[in-house]
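Visitor: Hi, could you walk me through this one? I am new to reading structures, so please go slowly.

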Amino acid sequence: MQNARDLKQYKGELTGALHNDFLRGAMDRFAVAYRAARANAFKGMDLDGLIAEIAKGKDEAMARMDELLAEFTSKAQALGVTVHVAKTAHEANEIIGRIAQKANVKRVVKSKSMTAEETLLNHHLEDLGLEVTETDLGEWIIQLRHEGPTHMVMPAIHLSRDQVSDLFSDVTGAKQTNDIQKLVKVARRELRRKYVEADMGISGGNFAIAETGTIALCTNEGNARLVTTLPRVHVALVGLDKLTPSINDALRVIRALPRNATGQAITSYVSWITGPGECQSSANGKKEMHVVFLDNGRRALAKDPMFSQVLRCIRCGACANVCPVYRLVGGHQLGHIYIGAIGLILTYFYHGRDKAKNLVQNCINCGACKAVCAGGIDLPRLIKEVHARIQDEEGHPLQSTLLAKVLKSRKLFHTLLRSAKAVQRPITGGTPYLRHLPMIFAKDQGFRALPAIAETPFRDRFEAIRPRVSGAKLKVALFSGCVQDFVYPEQAEAAVKILARHNVEVVFPMDQSCCGLPVQMMGEREASRSVAEQNVAAFDPAGCDYILTLCASCASHLKHGYPDILGKDPRQAVKVQQFADKVIDFSSFVHDVLKVKAESFAGDGKKTTYHAPCHLCRGLGVTEAPRALMATAGLNYLPAEEEDVCCGFGGTYSMKFPELSAELLKKKLANAESTGAELLLTDCPGCIMQLRGGLEAKGSAMKVAHVAEALAQRLK
């Protein structure tokens, strides 16, 4: 749970997690295994189609939330079930506490329930003097350790077998081995007595089927069936978002849930509970059954035009499984109660901005969570929106306020960059790097060498290198972004060289500026909108065939971010969509549009590997074009492990969380160097800044370049 008072304290907690070698190793092993297992589990399935169906079904159900609640209540009560609706977490706990007291309950057994974690139900029942025992193995372990879950599906994934062995030794009073099978037997022996003695069983519910009044549970252990059948009272605590019209709707989600959660085709147990079962210890021979529906903001979320999509979540935990930050620090530092990307959002709505304000800043915006979400939730966008709302409510930090003011004025921004170039010589030592930058300006950045501002920006070079072509087959407007304009102009020059060779007219609108993604990431919505308006105005999308950029992050933001930012403004909607429709990344343009041929290049067979920028492979869905271009240019492409995992740059993220950025970079460079390649290519100047700076800092001989540079150097 998150109790850090401020970002400084939160960073200290992150540092502690980074130094937990077992946690890091366990997270790494799981992340690698999960990717392969998930791919295999969905093999041969129309995954995109399934996700679209789930999203559509959940959206339609949430739009009918109260109607489905009424239908479920009518069907369940006819079967003898008592249905309650709690507006708040506290009210849900009070209802369940009263049920227990009225039924003279002394002992409670629970199966796994994130909703019960959300309400902190155990604490409430224990305060009433009840004995509460978690029966899911992982949940029981963390209950004994007085911890919260570190994952929504695998709550004790952060613990080693030795830690569990020591814990069980303390619980049983006898020395226990660290053999996993024997530890499971110990847990089984200790918990069996609890089932038999319990008066009440509490479960969650993956689905509440309106047409039949059925509660459905998906589990991998038999404990949930014991919890819901043996005790004389059964209470199911279920979020209103789990209301489902029919069993067929539930079955559709079940096709995705285990595959997306753990790479299984199906969970070990899928239980359907329709009405109270027989119970010989009850006066009437029937179990007493209650369903407590929790609102806690869900009704309001269902009506929110932006955030209603979070109610599509099927609680698979996949967004944590693929998150590079979660992989480094675990769920206790990347969540409050709900873990991972969805947790960063739900924490704000269910537990307040004080618990969420630090968490939402720890998103690197790599898009991995969105790519695997079974509900098709745009998680990165919503995280950024939560961050912006919190800043609007609590005040904006000085750093982001200043950057926002600078980026809103293109002339001021470019003047500052030119001024920095003029005064940087004493700290560059005549190199392309800021060798002697005082640490006050680059705290904790020693893991990489920071680049110097270029002597002459691209905008000042363009007129001299602009292609003079006659009968051009295409006209391209070049968007350089601030990094390729003022730091790496040679990358844009390389692109112009290739375009000129292929008879493409190139224009460079001088009023363009930074794409605005840095301020968007920092929660500065007004500045982000202002920058987007400036750039759309700078270009004439009707006067060119394509708007070409060599920056994957810029391309993704221009193409998808700008319509989100400006699309609802009737004055901007048509033009911004026209602008976005013409945006294309360099590799796609050269490979798919120009269709360059191998005979145009003098290949040298240099051993080359590749880093896939997050915003290219996931933001734009471009995977094959850059790799195909390496073969076309005559390079010897050597694939690296986890090429599409984030390099740790994340723009301003690497400045805010340098320790995490450094660890992601370390892993990325190790994978690249293990290929034996001499050259590392990518399609993003930000990634180049990170990768090249990291290799320079460690003294590696490997070189880093943009795909455009590699192609331009090998043109015949």
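Visitor: Which helix do glutamate 94 and arginine 98 both lie in, and how many residues apart are they?

Guide: Both lie in helix H5 (residues 89-102), and they are four residues apart, about one turn of the helix. Helices (H or I, at least four residues) and strands (E, at least two) are DSSP runs, numbered from the N terminus. Before we go on, please note that this is a predicted model, in which local features need pLDDT of at least 70 and side-chain atom pairs count only at pLDDT 80 or more, while totals for chains, interfaces and linings use all residues. Residues are numbered from 1 along each chain as its sequence is written, and side-chain values use heavy atoms, with hydrogens and water left out.

Visitor: OK, what do glutamate 94 and arginine 98 form with each other?

Guide: They form a salt bridge, with the closest N and O atoms 3.9 Å apart; the term stands for a side-chain nitrogen of Lys or Arg within 4 Å of a carboxyl oxygen of Asp or Glu.

Visitor: And how many salt bridges does the structure hold?

Guide: The structure holds 45 salt bridges.

Visitor: Is aspartate 304 buried or exposed?

Guide: Aspartate 304 counts as buried because its relative accessibility is 18%, where buried means under 20% relative accessible area, exposed over 50%, and partly exposed in between (1.4 Å probe, protein chains only).

Visitor: What does aspartate 304 form a salt bridge with?

Guide: Its partner is arginine 389, and the closest N and O atoms are 4.0 Å apart. This pair links distant parts of the chain, since arginine 389 is in helix H19 and aspartate 304 is in the loop between helix H13 (298-303) and helix H14 (318-321), 85 residues apart. Arginine 389 counts as partly exposed because its relative accessibility is 21%.

Visitor: Which residues do salt bridges with shared partners join into one network?

Guide: Asp304, Glu385, Arg389, Asp392 and Arg525 are joined in that way.

Visitor: Switching to strands, why is E10 described as largely enclosed?

Guide: Strand E10 (residues 288-294) has six of its seven residues buried, so it is largely enclosed by the rest of the structure.

Visitor: Which strand pairs with E10 over five bridges?

Guide: That is strand E1 (residues 82-86), which pairs with E10 in the parallel sense, and here histidine 84 stands opposite valine 292. Two strands pair if DSSP finds at least two bridges between them. E10 is also joined to E7 by seven bridges, and these two run parallel, with alanine 236 having valine 291 as its bridge partner in E10.

Visitor: Where does E7 go from there, I mean, how many bridges join it to E4?

Guide: Four bridges join E4 to strand E7 (residues 233-239), again running parallel, and serine 203 stands opposite alanine 236 in E7. E4 also pairs with strand E2 (residues 107-110) in the parallel sense over three bridges, where lysine 110 has isoleucine 202 as its bridge partner.

Visitor: What covers the picture for the two faces of E4, are its residues there buried or exposed?

Guide: Both faces of strand E4 (residues 200-203) are covered, with Met200 and Ile202 buried on one side and Gly201 and Ser203 buried on the other. In a regular strand the side chains alternate between the two faces of the sheet.

Visitor: Last one, where is glutamate 393?

Guide: Glutamate 393 is in helix H19 (residues 379-394). Glutamate 393 lies 40 residues from arginine 353 in sequence, and the two are 9.1 Å apart in space, C-alpha to C-alpha.
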